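Work through the exercises below with the sequence and the structure open. Each task is followed by a solution in steps.

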Amino acid sequence: MSKRRSIAVVGFIVVAVGVGFGVYRFLDKPTAAPTPLTPGTPHLRAAVEVPTVRFTDVTRESGVAFRHENGAFGKKLLPETMGGGVACFDYDGDGKPDMLFVGGRNWPGSTNEKQPPSLKLYRNTGNFTFEDATEVAGLGNVVIYGMGVAVGDFDNDGRPDFFVSCVGRHRLFRNLDGKRFEDVTDVASVGGPGQLPDVNAEQFLAWKPPIPFGSSCTFLDYDSDGRLDLFVCHYVTWSPASDLSITSTVTGATRTYQQPQQLDGAQCALYRNLDGTRFEDVSAKAKVLVSDKEGTDANARQRPVAKALGVVACDADSDGWPDLVVANDTVRNFFFHNQPGPDGTREFKEVGYPIGVGYPDNGTPRGGMGIDWGEFSPRRPAIVIANFANEPLTFLDRDRPGRLLFSDAAQSTGLAGPSRAALKFGTCFFDYDNDGCLDLLVCNGHIEPEIAKIQASQSYAQPPLLFWNTGNPECYFEPVTAAKGGDDLFRPLVGRGCAVADFDGDGDQDIVLVANGGDARLLRNDAPRENQFLRFNLRGDGVTSNRSAIGAVVTIEAGGKAFTRDVAGARGYLSHPELVVHVGLGTAVKADKVTVRWPGKTAIPQTWENLEAGKTHILTQGGK
């Protein structure tokens, strides 16, 4: 913990000591006045004016009516402020992306008569309208404290399945027929080490044994055997009793939500897909368990390090094997490098610190939340991490192609100043104007409802941030204002997860935002038809590659330029964008050449030529 954080408490918060102390992170005071929480102030260095592309809130008329439930009832338990997520995927195979929202539940022993649905599935019926398919899909009676969601065809039957990480027992749902889902958690053995106790309210608040606290999760084929494996982040070691034993207040009165510094870390989990039905917990064998010794004594306790909130799988060194990058909150970030293990297996080596990922802020950890990976400039991919309030976005630029070495370029790319003030959660790369350059969306919102009493520059509900990629190396990212992006996008919310998909099939990517304890928002991209696009629906063969093609790398050559896009699992914060690869082409009318490097150690790359713009092309492994 930095010295400036601990000093910041004095004079603002009265802290009583329980297991630990206080909410000093709320008062992380920058050395200069923070940027106001308004849609950005334009830079003076941008050589090209930000285009006018308006986003229109169409939530009400779309039929989407999801309200996130966090179970809050005045005790301020930490999980209440961390959800929720959303997944965009075509569960019924009709070519239109549907939406699955993940919510929480009432806490055990709650006196609330109504138990809201923990999951909400909306089927896309076209023209930006949706119907609630939760009940008919068999999800209406699911009662979980859900957090993150990942989508992938784990059984290679051609239909996308999904996994939900939870506070308590995690859940895996198999897509039966494109219409219904079946809970296969027990058979698959991916529920995790514990569950919420079935007790009364008094017993629950006094509950001491740790309850698993899942966060983001993702499918990936880490051993390239053609079957999707599963990685699950866990935030902290948590129980109601340990949470309530830490006393912190706003100005000596109202209790505040606790901070991760006050709780022990946790361990992430990796499940290897054995046969499309069952999984094996290989967390220890694959070396994704990270612990530090408390002290130098030989008998010192091994303390789990992870306080993991975001994860993205990517082939960062272009060696054909997926790596994992984990955003941690107030401890170092992880970079799990995929490398050979014994007897032909694969395992990971955590190398975040030596390659510049662990501590991007001069050796000081940040409050990492959501995370994404993408090529922001030709042959220049980067890792972006959304951080806590008064900390800028982390933008880790890979120094050289194929080399595992990163440096934080948030300042030089134009992201540091405009992103500093907000408390940032969801983040994702996407090309909202189809000019071929990946832009950046950030979904924001504080964790403390009464933060304005502590810090006048902060607010509970905060506007999202949108950065347009200029393509100009002097300043790659320019903040988009309401005048350019429309007022609807920048209305404040207590933002958490976010995702993008082309919901109306018009060739540009739309946005869905999730609010903690609030209503989700669906925003239609009304970009003018000045630029062309291509979309690719990749289908692995289910033998050498997984059917979802997660892990595939697509290279598009068009108009004298080359673009590289990945088929990734979940990304951002607790969320999953559509698996269809969307590529803006600018003024090019076709792709001269498209090369797919399929996942899987025996998969052979394929090439397609002269693919017409303005269409979704189905690219089948082994097909023409």
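The model is a predicted one, in which local features need pLDDT of at least 70 and side-chain atom pairs count only at pLDDT 80 or more, while totals for chains, interfaces and linings use all residues. Residues are numbered from 1 along each chain as its sequence is written, and side-chain values use heavy atoms, with hydrogens and water left out.

**Exercise 1. The whole chain**

Task: Describe the protein chain by its secondary structure, its dimensions and its burial.

Solution. Start with the elements: the protein chain has eight helices and 39 strands. Helices (H or I, at least four residues) and strands (E, at least two) are DSSP runs, numbered from the N terminus.

Next, take the dimensions. The C-alpha trace spans about 70 × 55 × 55 Å along its principal axes. The radius of gyration is 23 Å, which agrees with the value near 25 Å that a compact globule of 624 residues would have. This radius is taken over C-alpha atoms, and the globule rule is 2.2 Å times the number of residues to the power 0.38.

Then turn to burial: 62% of the 624 residues count as buried. Buried means under 20% relative accessible area, exposed over 50%, and partly exposed in between (1.4 Å probe, protein chains only).

Last, consider contacts, meaning heavy atoms within 4.5 Å. Of those between residues at least 6 apart in sequence, 63% join residues at least 24 apart.

**Exercise 2. Rings and charges**

Task: How are the rings of Trp 107 and Tyr 145 arranged?

Solution. The structure holds 28 aromatic pairs. Rings of Phe, Tyr and Trp (its six-membered ring) pair if their centres lie within 6.5 Å; planes under 30 degrees apart count as stacked, over 60 as edge-to-face and the rest as tilted. Trp 107 and Tyr 145 are stacked, at 4.4 Å centre to centre and 20° between the planes. Trp 107 lies in the loop between β3 (98-102) and β4 (119-126), and Tyr 145 in the loop between β5 (129-132) and β6 (146-152), so the pair ties together parts 38 residues apart in sequence. Both Trp 107 and Tyr 145 are buried.

Compare Phe 334 and Phe 336: their ring centres are 5.5 Å apart and their planes stand at 65°, so this pair is edge-to-face.

For charges, the test is that NZ of Lys or CZ of Arg is within 6 Å of the ring centre and within 35 degrees of the ring normal. The charged end of Arg 346 sits over the ring of Trp 321, 3.6 Å from its centre. That of Arg 496 sits over the ring of Phe 425, 4.2 Å from its centre.

**Exercise 3. Backbone exceptions**

Task: Where is the peptide bond from Gly 83 to Gly 84 placed, and what is its omega?

Solution. Most residues other than glycine have a negative phi, and most peptide bonds are trans. The bond from Gly 83 to Gly 84 is cis, with omega near 5°. Gly 84 is in the loop between α2 (59-62) and β2 (85-89).

For phi, Asn 127 has a positive value of about 55°. Asn 127 is in the loop between β4 and β5 and counts as exposed at 74% relative accessibility. Arg 379 has a positive phi near 65°. Arg 379 lies in the loop between β22 (371-377) and β23 (380-385) and, at 62% relative accessibility, counts as exposed.
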